[in-house]
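Here is a friendly walk through one protein model. Have the sequence and the 3D view at hand as you read.

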Amino acid sequence: MNDSRDYNAEAKDALGHRYAYGFDFDVMHPYFIRSFAPFFRPGSLLELGCFQGALTRRLLDHFDDVTCVEASSEALAEARAVVGARANLVHARFEDVTLPRRYDNIVLTHVLEHLDDPVGLLRRINDEWLAPGGRLFLVCPNANAPSRQIAVKMGLISHNAAVTPAEAEHGHRITYSLDTLERDAVAAGLAVRHRSGIFFKALANFQWDRLLQTDIISPAYLDGCYALGQQYPDLCSSIFLLCEAGPAQR
């Protein structure tokens, strides 16, 4: 546990590297929902790490009972402006927060790689927060995304799973691949029920943002990248595990 982290500073844009891109909000978030929706359970939803509420707003189209926990007070204020009173917003660190109940769905997207103790959080989810029969939707950036492998070949990154200085400035602690993400989920006692990738990606986020401002990329092309990602999960922008409670709840 690291009490010295400044979560507001980590969530700010840095010189030459943004915390989040239009590609994340406009492309990846809709495909997150498309990937999750067939597995949603009726009932409540807990979003761990809502940032500024962009994905929360989309989740509210599917759930009326939504709770969000966010460590950055500034990001949470932005989220409150987006979702208002439609979600219960809690300002706390995952290590410290006390939640009053269990949840039927838990969403953890592009958050686990920021944590000092990722297995510890996954264990809390399994032991304390996931309702019987509930599901965890776990998504992380993919170390083996082609855009990242190209950066390695260009000499910009030392190896696929490296944490770059810019990523470290934004609080990244690890870069996951499907095997290491499943390793940590299983170590926490979770049962992995489904594994996949989300969106085949050969360009960096900043390159996607530039392309999306033109007419070069069509919605059909984006859908093609999403469909191809289902065929080649290890070459996707993000990796996705659907988990259920493990032995601690049986």
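## Cysteines and overall build

The count of disulfides in this predicted model is zero, where a disulfide is a pair of cysteine sulfur atoms within 2.5 Å. Such a link is a covalent bond between the sulfur atoms of two cysteines. Two cysteines illustrate the result, and the table puts them side by side. Burial is judged by relative accessible area: buried is under 20%, exposed is over 50% and partly exposed lies in between, with a 1.4 Å probe and protein chains only.

| Cysteine | Closest cysteine sulfur | Sulfur distance | Relative accessible area |
|---|---|---|---|
| C68 | in C50 | 4.5 Å | 0% |
| C243 | in C140 | 10 Å | 0% |

The sulfur of C68 is too far from that of C50 for a bond, and the sulfur of C243 is likewise too far from that of C140. Both C68 and C243 are buried.

A word on ground rules. Residues are numbered from 1 along each chain as its sequence is written. In this predicted model local features need pLDDT of at least 70, side-chain atom pairs count only at pLDDT 80 or more, and totals for chains, interfaces and linings use all residues, while side-chain values use heavy atoms, leaving out hydrogens and water.

Now for the protein as a whole. It has 10 helices and seven strands, taken as DSSP runs numbered from the N terminus (helices: H or I, at least four residues; strands: E, at least two). Along the principal axes, the C-alpha atoms fill a box of roughly 45 × 35 × 35 Å. Of the 250 residues, 54% count as buried. Among contacts (heavy atoms within 4.5 Å) between residues at least 6 apart in sequence, 74% join residues at least 24 apart.

T67 is found in strand β2, residues 65-70, and is buried at 3% relative accessibility. Leaving aside residues up to four places away in sequence, T67 touches L45, L46, E47, N88, V90, R101 and Y103.

P219 lies in helix α10, which covers residues 219-231. This proline is exposed, with a relative accessible area of 63%.
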